[in-house]
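Subject: Structure for your review

Dear colleague,

Please find below the structure that I am handing over to you. I would be grateful if you could look through it alongside the notes that follow.

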Amino acid sequence: MRITRAWLAGVVCLSVAAAGHSRVSAAQASGARSAPVMALLSGYLPNATTSTIADLTRRFDQQAAMDLVVFMDQYWRNAANAGFNATVDRIKARLEVSGFTPRAAAAAGGPSLWVEEFGRAQGWDYTVGMLTLEADAAKPEAVLLSREQHRVALCINSFSTPPGGVVAPIVDVGQGVSAADYEGKDVRGAVVLGDAGAGRLWQMAVVQRGAVGVVSTALEPYIRPGPPGSPEDARPRDEWDVLQWGSVPYDETRRAFGFKATPRAAARIRARLAEGPARVKVDVASSFSPGPVRSLVAEIPGSVKPDERVLLVAHIQEPGANDNASGCATLVELARAMMQGIEARRIPAPGRTITFIWGDEIRASRQWLTDHPAEAKKVRYMFSLDMTGEKPSLTGGPFLIEKAPDPTAVWSRPSDPHTEWGGSPVKAESLKGTLLNDVFLGVCQRLPWTVWTNPYEGGSDHAVFLAAGVPSVLAWHFPDRFYHSNLDRPGMTDPAEMKYAGVGVAAAALLLAGATPRDAMDVTRLIERAALSRFALESRQGAELVKAARDTAAAEVIEAAVMAAWRKWYGEALREVLDLPPAGATPELQDAVARATERLARQ
């Protein structure tokens with residue numbers, strides 16, 4: 001999942017893009033995204049990292065990862081509900097048999113795991129959620145939405161209807177976003193159909209006008225009803241059977257409900273309304289199981305600087321197979337592969353502690369930072385694993401590294417297009433160079449798959465750690481034509497894709513947690529190669545942008561700022577290499593970094 005930016009506004013404050021360059025919106029990006037221009041960096045990896053990649057590839061159990069995806073797919077996993085907690089327990093059991101010991105019984109300095117609890121969540125779930133178009137004189141009743149057919153049509157926080165259900169008029173308010181959409185329409189006691197999101201319809205129809213529930217048709221423009229070339233994908237829109245799940249506010253007073261509708265269901269309702277008034281029957285059986293929010297934490301302690309950490313996080317909540325059962329499964333199996341390789345002495349033990357967290361998206365990360373202030377101050381790097389297992393030929397999007405904010409997050413560049421998700425505003429002065437982006441890219445390029453990058457956009461756990469000053473990246477896939485939809489099921493998940501994502505994250509994390517000074521020398525060369533490639537790219541595309549600009553002088557000012565930002569970025573990234581070895585920088589490494597910095601300064 002990517003949390004909506006309105007919700008996330010209080011989490012990340014990287015705001016206000018540079019003048020003259022606006023962020024790319026999802027609507028603007030709804031066409032085919034071009035491939036980014038990336039330096040080829042895999043040839044600069046340390047030999048030890050290449051060996052680690054090979055060992056992890058052999059050890060990663062992709063079938064076990066797929067088994068967990070199938071297990072999690074049974075549940076609509078909301079914090080504190082049975083499916084969420086069952087997932088925590090299943091992951092914990094898998095890690096225990098893999099060598100992680102419950103913390104109370106763990107040997108000093110050995111791998112351990114434990115469950116942390118905090119706060120309270122409603123624990124919503126449901127067993128029945130059915131919307132039926134009532135019969136009239138000419139047509140029989142028709143079930144339009146149900147749990148059996150659509151799985152996630154009922155909105156989170158919907159309350160149960162009385163026994164026997166509720167029968168009410170259905171009223172179409174068009175968009176349903178403004179008071180004008182409701183003028184002349186009596187929606188009190190009715191179910192309201194509209195194209196706005198469920199939350200907006202709820203506020204306008206239920207809270208302000210007394211409706212008993214809402215049906216939202218909202219669907220992102222990149223969502224499709226089937227894989228490319230499938231019969232489903234060729235159908236006209238009013239025959240689509242895809243919907244995106246949603247939520248309504250928790251409201252014990254009104255105890256109402258919300259549905260997300262497929263285009264087919266919405267078209268049938270509107271066709272009936274075109275003939276005259278219509279009624280629907282709604283049957284809902286939902287439950288709330290208030291309880292603490294659980295996070296599962298596991299650690300492989302560092303052997304040199306155990307108080308410094310590399311964090312890897314995957315979120316449990318949501319109903320999807322790819323989002324985010326695949327991220328959880330990828331993290332479980334990479335942790336297991338990493339542990340086994342270290343125990344077999346095929347992979348060097350990390351000098352820094354590697355911490356793994358499975359929990360509630362955003363909330364678990366924020367809580368960990370709050371509950372562990374001393375540890376939080378020494379987190380060196382963070383990886384967020386979200387939607388890591390998608391099969392690109394079916395879902396439409398390649399594996400992506402969402403970079404820690406660099407100049408492409410501030411200035412829109414032809415070489416670095418945003419995804420359909422769209423960019424978040426970032427201030428140029430907030431940028432701080434890091435080696436993380438290029439190291440992770442170099443590692444992933446070593447694997448036999450397609451890997452792209454995208455500028456920082458935010459919306460998941462990496463945003464929380466970035467706000468805390470930790471260099472962080474997101475490992476994900478996008479666009480996904482089944483994102484947050486009833487079609488995000490295990491058939492859209494590729495076990496091999498999870499393996500490659502897991503190996504890439506694990507190998508990069510191990511390098512960052514345990515680089516030797518010799519490894520850091522190689523990383524110096526990698527960063528210098530990435531910098532030279534970027535400088536050359538920006539010189540070329542900057543000249544083209546200036547040439548095409550209406551205001552040449554203003555464009556030249558912008559391009560000068562872009563190049564200056566990249567020079568500062570890579571200067572800081574090179575200095576970060578000095579802190580990469582847990583044992584400290586040798587004179588040889590210091591000299592190598594100094595010489596690389598001088599060479600870049602002459603460019």
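The notes below cover confidence, the sheet and the nonpolar cores.

Please bear in mind that this is a predicted model. The average pLDDT of the protein is 94, and 94% of the residues reach a score of at least 70. Residues 5–31, however, have a pLDDT below 50, although this stretch makes 62 contacts in the model beyond near neighbours in sequence. Where pLDDT is low, the predicted coordinates should not be read in detail.

An open sheet of mixed pairing is built from nine strands, in the order β1-β2-β10-β12-β11-β13-β16-β14-β15. Its edges are β1 (101–102) and β15 (451–454); each has a single partner strand, so one side of each is left without a neighbour in the sheet. Strands β13 (residues 379–385) and β16 (residues 472–477) run parallel and are joined by four bridges. Within this pair, S384 has L474 of β16 as its bridge partner.

The largest nonpolar core holds 111 residues, of which L312, F356, W358 and F383 touch the most other members. Helix α15 (residues 495–514) supplies the largest share of this core, with 13 residues. Leaving aside residues up to four places away in sequence, F383 touches V310, L311, L312, V313, L436, F440, V473, V505, A508, A509 and L512. There is also a second, separate core of 28 residues, including Y126, A168, L243 and F259.

Kind regards

Technical notes: Residues numbered from 1 in each chain as written. Predicted model: local features only at pLDDT ≥ 70, side-chain atom pairs only at ≥ 80, totals over all residues. Heavy atoms only, no water. Pairing = 2+ DSSP bridges. Helix = DSSP H or I, 4+ residues; strand = E, 2+ residues; numbered from the N terminus. pLDDT = per-residue confidence, 0-100. Contact = heavy atoms within 4.5 Å. Core = buried A, V, L, I, M, F, W, Y, C linked by side-chain atoms within 4.5 Å. Buried < 20%, exposed > 50% of the residue type's maximum accessible area, 1.4 Å probe, protein only.
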